[in-house]
Amino acid sequence: MTRQRKKKGRPVSGWLIFDKPKGMGSTEAVSKIKWLFKAEKAGHAGTLDPLASGMLPIALGEATKTVPYVMDGTKIYRFTVTWGAERTTDDLEGEVTVTSDNRPDEAAIKALLSKYTGVIQQTPPKFSAIKIAGERAYDLARGGEEIEIPSREVEIDRLELIDRPDDSTAIFEVECGKGTYVRSLARDMGRDLGCYGHISDLRRTEVAPFDESDFVTLAELEAAHPPVPAEVEGEDRSYERLAERFSVMDAFLIDTGAALESLPQVAVSDDQAHRIRMGNPVILRGRDAPVEADEACVTSKGKVLAIGFVEQGQFKPKRVFTA
């Protein structure tokens with residue numbers, strides 16, 4: 001009989017809205033947060049380039065089941081474009097490929113913004129995580145391969161010119177949907193303006209439903225991190241008895257259900273909750289209960305219990321939460 005391997009780490013769940021510093025990759029950030037919280041499981045909702053800073057929503061434990069809902073959320077970025085040069089990566093990391101002495105004036109920049117507002121076609125950067133024939137585009141690009149990345153439809157709700165520190169730089173703010181590449185915006189605007197351009201600074205300030213008020217910095221986390229005895233760091237990993245030591249850390253977490261604000265939510269009774277935990281459907285009662293819904297979530301005692309769909313007034317669970 002196969003012995004079941006014990007999970008390593010604490011069964012802690014929730015969202016940590018990390019203010020990622022420049023120079024740290026998204027995967028590195030998730031590993032760091034997972035280690036600080038001694039969590040069993042962790043994941044993030046939307047990659048942020050190492051050269052970028054700002055909001056990286058990190059899900060711990062059961063919150064990983066809600067990652068797709070945050071990835072679909074509207075995002076806000078503030079970014080600086082440096083005019084006069086296009087680069088292989090469309091940011092400071094790449095090599096210069098073409099230059100220009102032209103510099104756009106404010107009127108020319110503002111006149112262009114409407115072209116990049118609404119539903120537009122956008123070609124992702126060659127150095128991106130897009131898959132081409134099963135391979136990541138950045139791996140192919142680093143290998144020197146010439147690749148053609150097809151354009152795709154993205155939605156930009158708002159694009160504003162915020163400041164022009166000098167003739168060679170412009171600061172913008174964009175509110176956009178899933179899959180939008182800000183580096184592509186800089187590249188394409190530079191080409192349209194006849195001056196070329198690349199991202200020289202990028203910061204993500206919002207990923208719906210989270211905003212800047214939810215930010216937690218690495219310094220705050222490290223200051224709150226409790227010392228963990230060596231024997232707990234070993235194979236036993238008995239973190240349950242250290243719950244009080246992690247109380248300050250855990251206070252930074254946002255409830256798992258916050259990621260599901262866009263879904264219809266219905267509170268259920270204890271008896272209904274028991275049936276749902278067993279994977280069974282229940283009849284929803286109450287004036288505001290939906291009769292039909294492609295997606296909905298139910299709560300029990302103020303906590304999210306399950307995600308599912310509603311058919312003829314009956315909730316049918318697809319994903320059940322254990323914490």
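## Cysteines

No disulfides turn up in a search of the whole structure; the count is zero. The structure is a predicted model. Cysteine 195 is buried, and its relative accessible area is 0%. Cysteine 297 has a relative accessibility of 1% and counts as buried too.

## Salt bridges

Side chains of opposite charge can pair when their charged atoms come close. Across the whole structure, the search for salt bridges returns 19.

Arginine 191 and glutamate 86 form a salt bridge through their side chains, with 2.7 Å from N to O. This pair links distant parts of the chain, since arginine 191 belongs to helix 5 (residues 182-192) and glutamate 86 to strand 5 (residues 85-87), 105 residues apart. The two partners fall into separate accessibility classes. Glutamate 86, at 8% relative accessibility, is buried because that value is under 20%. Arginine 191 has a relative accessible area of 45% and is partly exposed, because this lies between 20% and 50%.

## Neighbouring charges and a network

Aspartate 188 and arginine 187 also meet in a salt bridge, at 2.9 Å from N to O. Aspartate 188 is buried at a relative accessible area of 16%, and arginine 187 is buried at 7%. Elsewhere, salt bridges with shared partners join Arg78, Arg158, Glu160, Glu173 and Glu175 into one network.

One link in that group is the salt bridge between the side chains of glutamate 160 and arginine 158, where the N to O distance is 3.6 Å. Glutamate 160 is partly exposed, with 35% relative accessibility.

## Surroundings of alanine 296

Alanine 296 lies in strand 15, which covers residues 293-300. Its relative accessible area is 2%, so alanine 296 counts as buried. Leaving aside residues up to four places away in sequence, alanine 296 touches Leu263, Pro264, Ala306, Ile307, Gly308, Val310 and Phe315.

Valine 310 is one of these contacts. From C-alpha to C-alpha, alanine 296 and valine 310 are 6.9 Å apart in space, while 14 residues separate them in sequence.

Key: Residues are numbered from 1 along each chain as its sequence is written. This is a predicted model: local features need pLDDT of at least 70, side-chain atom pairs count only at pLDDT 80 or more; totals for chains, interfaces and linings use all residues. Side-chain values use heavy atoms; hydrogens and water are left out. A salt bridge is a side-chain nitrogen of Lys or Arg within 4 Å of a carboxyl oxygen of Asp or Glu. Helices (H or I, at least four residues) and strands (E, at least two) are DSSP runs, numbered from the N terminus. Buried means under 20% relative accessible area, exposed over 50%, partly exposed in between (1.4 Å probe, protein chains only). Contact means heavy atoms within 4.5 Å. A disulfide is a pair of cysteine sulfur atoms within 2.5 Å.
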